[in-house]
Amino acid sequence: MPIFDFLDLPVSDPVLIFALVMVIILIMPLIADKLRAPAIVGLIIAGAIVGPGALGILERDSTIILLGTVGLLYLMFIAGVSIDLEKFSKSRGQSILFGVVSFGLPLAGSLLLAPPLLGYSLESSLLLGAIVGSHTLLAYPIANRLGIGKNKAVTLSLGATMVTDALSLTILAIVAAAVHGEISLYFWVTFLGSVAIYLVLVIFTLPRLGRWFFRNVRDQTSIEYVFLLTVLFLTAYAAQLVGLAAIIGAFLAGLSMNRLVPENSTLMSRVQFIGNTLFIPFFLISVGMLVDVRVLASVEVWLVALLFFILVLVGKYLAAKAAQVYFRLSADEGWVMLGLTSPQAAATLAVTLIGFELGLFNEMAVNAVVLLIMASCFVGPYLVDLYGRRVLLTEEKSSLKISDSPERILVPLSNPDTSEALMDIAIMIRGKNSTEPIFPLTVARETRYVEAAVASGEKLLSHAVLHAAAADVPVIPVTRVDFNVASGIIRATKELRISDIVIGWNGVVTARQRIFGTVLDQLMEQSDETILVSKIDQPINTTERVILAVPPMSQYEPGFGDSFQTVKKLINQLGARLIVLGTESNLNILKPFIENQNPELSANYKLVKNWGKVTDIIASLYNDQDLVILVSSRRGGVAWQPSFERLPAHIISQVKPENFIIVYPAEVEEHKKPTAVLRFDGSPLLPDISANHIYIAADGENSYEQTIERLVMALFPDRADVSTEVARKLKVLEPENLPSDLPGVMLTHLSTHFVSKPSLLLAISEEGFKVPSVDEQVQVIFILLSPTHMSFQRKLLILNKLGRMIGGNRTKEELAVSKNVDEIRKTLSAKLTILPGKEADEDDPGQR
């Protein structure tokens, strides 16, 4: 009678065993949440209660051990695949240093206290040091769930884990060999040689194998997931063969697949979902089942366990606090590091059991280690849960908010072959903490076949919804019927208040098309949102390197900050190396934005002196595993040049990139912009402007330095020291634009405390000035002086307005031939909008 099998303890029926474990996995997190305790702690306690050391409902048999081992390896794999590889690479030396200290302090304590207090030999003391010096990333799922998985403190702890476990198991191998009398030169050559070969194969071969697999097996997420599992367990087993721990192999497998599994992707969602709901809970329950309640009655065991616990806690605390101070982390981050590096489980258990088999540990030591595991598994998760929340709040407060508007992404779909690629891009650029859904859209033409077109579109949308759902991303499918596809997209954009549009392009341009084709060209002309025009022929997650080209003055586009942040999020998700192509003024502004603002990226920078040759530079760098991203500008934008309309086609024909994205920053309409800054009623360019702010050179007067001196002296007529200092800085300042981009025109900007509000100086020479840093003659020079206390955003708005004013050849030609101030006023009045209102500095918080 099967019903009575439940009373036959421990339970032997495999179905019932699995059912009981599922009940524990279901109920314990709910109970732990009610008690405001980490779910991890609840699962460990449940394992202790149902295990052989308490109620004896379940036995820690081979099945539980197998699933527990799988869970541990899976945990290490997730840690490797989720780590911010950019930060890990930057802090690799710091991770090693922290790992050595985190291992060395408890080891030193063991060597110092174990012989006199416990009577241990040198070998036993070394093994005890290997136990208390190692740690298991038991609390990492908490950090990952809180969203601090890429925090520097967490990254350092992840790297330190590999170091401490490697040192722990190396000491174990050496002590075991010494006990058996096998220490020799042959042992060291064999061990180090096999490890070196293993590391070379894993680090250099696996990423290439993975990239080949993902490029050839496309749109089959289930097979991609099985591939990851295969890599995980083969790499873990190979680590055992060369004398390393399987957990080190699992972590290395995760690192090797890191760039191929973006954080916001369907595949990553599947990896984390299965691990967090099945494999990792099995591991936690199996850890709890190690606890033998009967040993709790022994005071001597408690005292030994207390000594072990003190060695762990004090050593790890000192290491974490030292790292906090040395690496300039916050106190909360220091506590998170302690919480991540104090739990004992995997390497601890392995070293203990082997030490027992070698006769170096007695049964009391084994029971004390079990109590140590139980205590450390409670303390570590609690610390990470408590202080991780504080770290998260601090990060959210300190992060620079680019825009307050909602992040809503529209993905127009028409081709089933590219729909998943476009949805993947949308998922990657969507903010991790965003609550806004993605809006896939199909537009059916208003014809007599409209019903069939709508049905076909709905089928395409259903596929997109399923793809996004697998990545746990909310989606609202949208269908529009319109006579014109572009009009349908634009109408949906306005109705849904869209901020970003991700749209596909086949890479084909004909003579009848201006840039991309009828629909895309109309969309750019009639919409103001950020647009990512995407030609994706290979899985984007296989990208090894991103070539990012940023044209001159792009940084002054109104929506450049938001759009560039979107590009950064995409590159960060891909984990690819970055090369930035730009002019000198571009790179000076972009470098701190790329490297110092989240997400922080490392990049190589290549100076483009002549933007007309950017296609040749891209072609010289490109290989088929690169993603080319071009930041462009709409017609009439600050950075727009006529060549921009031909550039995508030139790159397609000359470079032939398989993956190519053109980014058009948002264009804010005039009536939606903040109050303009260059006003005729408050700026130096008033209708009654003083001639002192303008210098019209006579024939033969083409010295740039003398022109600067004349203009500045006129601005500060009674302050010779000030005019000399300002002129000196202006002479060595690089122009904001290059004459090759705006022929004959130069814009220079200096921020100085000698002015209280923006001042604009203008120098004109029909013959042209000789500027030392420029090969060509410059006919029109604009010099903007802005106060140092003015906000950076305000300065961008001023430069934006200036860029629009001087962006056309016609304006330059009219200014160059101007003979007096009245002619200059007339030319500039046609370009600048006269806005009513107060003085510019009255409504600028940066000038108060």
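Colleague: In which loop is the place of Lys656?

Modeller: The model is a predicted one, and local features are taken only where pLDDT is at least 70. Lys656 has a phi near 55°, a positive value in a residue other than glycine. Its place in the chain is the loop between α24 (647–654) and β10 (659–664).

Colleague: Which loop holds Arg497?

Modeller: For Arg497 too, phi is positive in a residue other than glycine, near 55°. Helix α19 covers 485–495 and strand β4 covers 500–504, and Arg497 lies in the loop between α19 and β4.

Colleague: How are α2 and α12 oriented to each other: roughly parallel or oblique?

Modeller: Helix α2 spans residues 39–50 and helix α12 spans residues 266–288; they pack with their axes 6 Å apart, at an angle of about 50°. Angles under 35 degrees count as roughly parallel, and 65 to 115 as roughly perpendicular. The two helices α2 and α12 are therefore oblique.

Colleague: How many nonpolar residues are in the contact of α2 with α12?

Modeller: The crossing of α2 and α12 is right-handed. From α2, Ile40, Leu43, Ile44, Gly47 and Ala48 take part, and they meet Pro281, Leu284, Ile285 and Gly288 of α12. Within this contact of α2 with α12, no residue is charged and two are polar, while the nonpolar ones number seven.

Colleague: What is the orientation of α10 and α11 to each other?

Modeller: Helix α10 (residues 221–241) packs on helix α11 (residues 246–257) with the axes 7 Å apart and an angle of about 140°. Only angles over 145 degrees count as roughly antiparallel. The pair α10 and α11 is therefore oblique.

Colleague: Into which classes do the residues of the contact of α10 with α11 divide?

Modeller: The α10 side of the contact comprises Phe227, Leu228, Val231, Leu232, Thr235, Ala236, Ala239 and Gln240, and the α11 side comprises Ala246, Gly249, Ala250, Ala253 and Met257. For α10 with α11, these divide into no charged, three polar and 10 nonpolar residues.

Colleague: At what angle do α3 and α11 pack, and how many nonpolar residues does their contact have?

Modeller: Helix α3 (residues 62–82) and α11 have axes 7 Å apart and an angle of about 35°, and their crossing is right-handed. Leu72, Leu73, Met76, Phe77, Ala79, Gly80 and Val81 of α3 meet α11 residues including Ala246, Ile247, Ala250 and Phe251. The contact of α3 with α11 has two polar and no charged residues, and its nonpolar count is 13. The angle asked for is about 35°.

Colleague: Which element gives the most to the lining of the second largest pocket?

Modeller: The second largest pocket holds about 1,100 Å³ of space. Of its 31 lining residues, Phe88, Arg92, Ile203, Leu252 and Leu255 lie nearest the centre. Elements giving two or more residues to that lining are α4 (85–90), α5 (92–118), α8 (152–179), α9 (185–216) and α11. With 10 residues, the element that gives the most is α9.

Colleague: How many charged residues are in the lining of the second largest pocket?

Modeller: Arg92 is one of the residues nearest the centre of this pocket. By class, the lining of the second largest pocket has 20 nonpolar and five polar residues, and the charged ones number six.

Technical notes. Residues numbered from 1 in each chain as written. Predicted model: local features only at pLDDT ≥ 70, side-chain atom pairs only at ≥ 80, totals over all residues. Heavy atoms only, no water. Axes fitted to C-alpha atoms, helices over the stretch in contact; angles between N-to-C directions. Helix = DSSP H or I, 4+ residues; strand = E, 2+ residues; numbered from the N terminus. Contact = heavy atoms within 4.5 Å. Nonpolar A, V, L, I, M, F, W, Y, C, P; charged D, E, K, R; others polar. Left-handed = near helix turned anticlockwise from the far one by under 90°. 1 Å grid on protein atoms, 1.4 Å probe; cavity = no way out; pocket = protein on both sides within 12 Å on 5 of 7 lines; lining within 4 Å. Points joined across faces, edges and corners; volume = space filled by probe spheres on them.
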